[in-house]
There are 2 protein chains.
Amino acid sequence: LTSRGDEAARQPGERALIDHIRRRLPPAPPSIVVGPGDDAAVIVPARGAFQVLTTDALVEGIHFDRRFSSLSDIGYKALAVNVSDVVAMGAAPELALLSLILPAGTTLGDLDSLLDGVLEMAASSRTTVAGGNISRSPGPLVVDVTATGSVRPRRILIRGGGRPGDAIYVSGSIGAAAAGLGWLRVAANQTRGLRLAAEDVMATCVRRHQRPEPRVRAGMLLGRNKAASACMDLSDGLADAVRQIAEASGTGALIDAAALPIDPAAADWFAAQGLDPVAASISGGDDYELLFTVPRRYKGRFRAVQENVRGLPLTRIGELTTEPGVLLSRDGEKSELPSGFSHF
Amino acid sequence: LTSRGDEAARQPGERALIDHIRRRLPPAPPSIVVGPGDDAAVIVPARGAFQVLTTDALVEGIHFDRRFSSLSDIGYKALAVNVSDVVAMGAAPELALLSLILPAGTTLGDLDSLLDGVLEMAASSRTTVAGGNISRSPGPLVVDVTATGSVRPRRILIRGGGRPGDAIYVSGSIGAAAAGLGWLRVAANQTRGLRLAAEDVMATCVRRHQRPEPRVRAGMLLGRNKAASACMDLSDGLADAVRQIAEASGTGALIDAAALPIDPAAADWFAAQGLDPVAASISGGDDYELLFTVPRRYKGRFRAVQENVRGLPLTRIGELTTEPGVLLSRDGEKSELPSGFSHF
């Protein structure tokens with residue numbers, strides 16, 4: 001962890017913040033040769049393994065609202081979304097570097113809360129915080145994380161490995177994070193009484209928005225068992241993920257609306273808002289579930305994964321097709337898969 | 001390169017920006033198994049090598065001023081400061097991930113300019129842009145870069161390897177970047193005539209602020225030849241670097257003011273501003289030179305480095321001492337090494 005060379009860095013505070021972070025980090029594993037405190041971290045890569053690297057930022061006012069997420073939630077999620085990208089490649093999480101861009105007035109207590117969340121996610125995903133940097137911000141809080149992982153060469157899960165006829169699966173449930181955020185926004189303008197009435201029902205959805213769970217075990221098992229032909233995470237929603245995998249694999253896709261594992265509380269909430277639960281759930285982002293494809297001949301391997309994911313549902317929702325186009329089958333009719341995204 | 005899952009991402013633009021970046025990247029080397037466009041990049045680590053990882057952000061209004069640096073300068077410097085950290089470990093630069101946090105109104109032309117600078121630095125330091133992400137910003141422009149490198153196990157240059165009696169060296173010259181930024185700030189309030197009169201004299205200093213040159217060759221040679229016992233870069237100024245190396249090595253240090261390679265134009269400019277050129281040069285940051293220590297017994301190895309750095313001066317400026325304290329010897333008197341930094 002270093003502070004950047006500029007006049008602002010010469011004000012008291014940044015070095016103290018960095019020392020504070022270093023003191024809170026758990027002991028590093030032996031694969032970390034040089035940890036926080038030098039120009040860079042130095043690690044011993046696992047022998048014969050490929051390395052996976054990804055970076056993603058959470059920006060205040062874009063990705064989170066301080067009214068709806070605590071600093072601890074923000075730290076947790078900033079690492080979680082990166083771990084999700086690592087495990088979507090079939091890799092085991094290894095390291096994280098934190099780049100914290102902190103608004104004026106950030107206290108040691110604020111930093112501790114942020115770090116609480118980061119370290120909680122790091123512990124549960126077995127990720128080591130190996131370095132990073134702190135900068136001041138004249139604007140919003142930005143938590144930028146780089147995460148790495150390691151994967152055996154033949155076990156990498158890319159987006160483009162699917163073939164026509166492969167079954168499309170999704171882990172867990174969809175729609176909860178979008179419903180949770182939607183409810184938080186509506187509730188912010190409601191009376192305390194109305195808010196309290198729905199709080200219990202919406203708690204799981206709100207939690208999914210605040211603290212998404214990357215599917216570490218499922219991703220690693222899919223990779224290890226070579227049980228999927230393609231995989232990605234649902235950061236931008238299920239409809240987007242199906243499109244990306246179909247496009248990268250050079251196939252079409254057909255999704256069965258009735259099979260979608262829509263979170264029940266989310267479905268109720270979307271319906272109460274006058275929204276179509278199917279369209280809202282598949283276009284809503286932030287679910288961080290895994291979407292993956294399973295060829296028929298991988299059935300045995302896939303069963304081994306299902307038996308080891310400890311209760312996480314893996315639901316078949318459709319298949320890749322020879323015909324181009326990404327379609328939704330609903331009540332016997334096929335139409336283009338709706339998407340909240342608009343492209344150029 | 002991915003866009004983040006949030007409602008903002010659903011507005012047109014981010015995917016187009018990402019596709020645009022991907023089209024501009026040069027062909028990836030064979031060590032990149034999966035490049036931009038999947039959940040994460042996948043690379044083959046060099047066999048038997050350790051891996052070096054660092055991250056550092058440039059934040060508008062803190063690290064740069066759009067009046068003084070073009071977007072191309074900002075892109076160049078954002079990668080340069082990370083490459084500097086990698087080579088300060090004795091490593092060869094390998095990959096970079098870009099995390100771009102772009103204010104509303106950023107055009108494709110803006111992105112191209114930023115990328116011009118990044119790719120210029122990438123080409124000259126042989127760094128491959130392997131991935132990244134784009135987020136919108138409700139505030140300032142942030143260019144956050146993660147860089148990696150590879151180094152043979154015994155060739156790592158850490159900060160804490162110095163011993164009393166080791167000579168302290170610095171590459172290139174110091175003070176230019178701070179003088180350049182100082183002049184830009186003064187000149188911004190001057191008439192065009194006054195500005196033009198000094199522009200030629202200050203051009204090199206200004207360039208050092210806008211586009212620092214990481215000492216790639218020197219760092220790699222020091223590592224390869226095992227010619228230094230400790231090393232770091234001067235991101236926070238020479239005084240800070242001497243302190244950090246002495247502290248990490250458990251030694252004191254004595255610096256000879258007369259030996260310091262202060263940039264002549266910078267020295268003149270500091271003097272004209274009524275500043276002490278020595279104090280201003282050693283407390284000014286952003287030089288991105290290397291500070292390193294050379295034990296007497298490494299003399300032969302160090303000569304091999306000097307013969308191969310292609311004209312870059314490597315100047316002996318003092319030595320590590322048994323007595324604690326970081327001192328400056330000047331006109332026969334010793335005093336504490338001045339520093340622009342104040343610590344808790």
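Author: Gladly, and a cut-off comes first: a residue is called buried under 20% relative accessible area, exposed over 50%, and partly exposed in between. With 33% relative accessibility, B:Lys226 therefore counts as partly exposed. Please keep in mind that this is a predicted model.

B:Lys226 sits in the loop that links helix 6 (216-224) to strand 9 (230-233) of chain B. Its backbone deserves a look: B:Lys226 is not a glycine, yet its phi is positive, about 45 degrees. Most residues other than glycine have a negative phi. In chain A, A:Lys226 also has a positive phi of about 45 degrees, and it is found in the loop between helix 6 (216-224) and strand 9 (230-233) of chain A. A:Lys226 counts as partly exposed because its relative accessibility is 33%.

Now follow chain A into its sheet. This open sheet has 7 strands in the order 9-11-8-12-10-13-14, with mixed pairing. Strand 9 and strand 14 (333-336) of chain A are the edges; each has a single partner strand, so one side of each lacks a neighbour in the sheet. On average, neighbouring strands of this sheet are turned by 25 degrees against each other, direction ignored.

Strand 9 of chain A runs antiparallel to strand 11 (residues 290-294) of chain A, and 4 bridges join them. Here A:Asp233 stands opposite A:Leu290 of strand 11. Helix 7 (residues 238-249) of chain A packs on the sheet, and its direction makes about 145 degrees with that of strand 9 of chain A. Helix 10 (residues 299-306) of chain A lies across strand 8, strand 11 and strand 12 of chain A, at about 150 degrees to strand 12.

Terms used:
Residues numbered from 1 in each chain as written. Chains lettered and ligands numbered in written order. Predicted model: local features only at pLDDT ≥ 70, side-chain atom pairs only at ≥ 80, totals over all residues. Heavy atoms only, no water. Helix = DSSP H or I, 4+ residues; strand = E, 2+ residues; numbered from the N terminus. Buried < 20%, exposed > 50% of the residue type's maximum accessible area, 1.4 Å probe, protein only. Pairing = 2+ DSSP bridges. Axes fitted to C-alpha atoms, helices over the stretch in contact; angles between N-to-C directions. Contact = heavy atoms within 4.5 Å.
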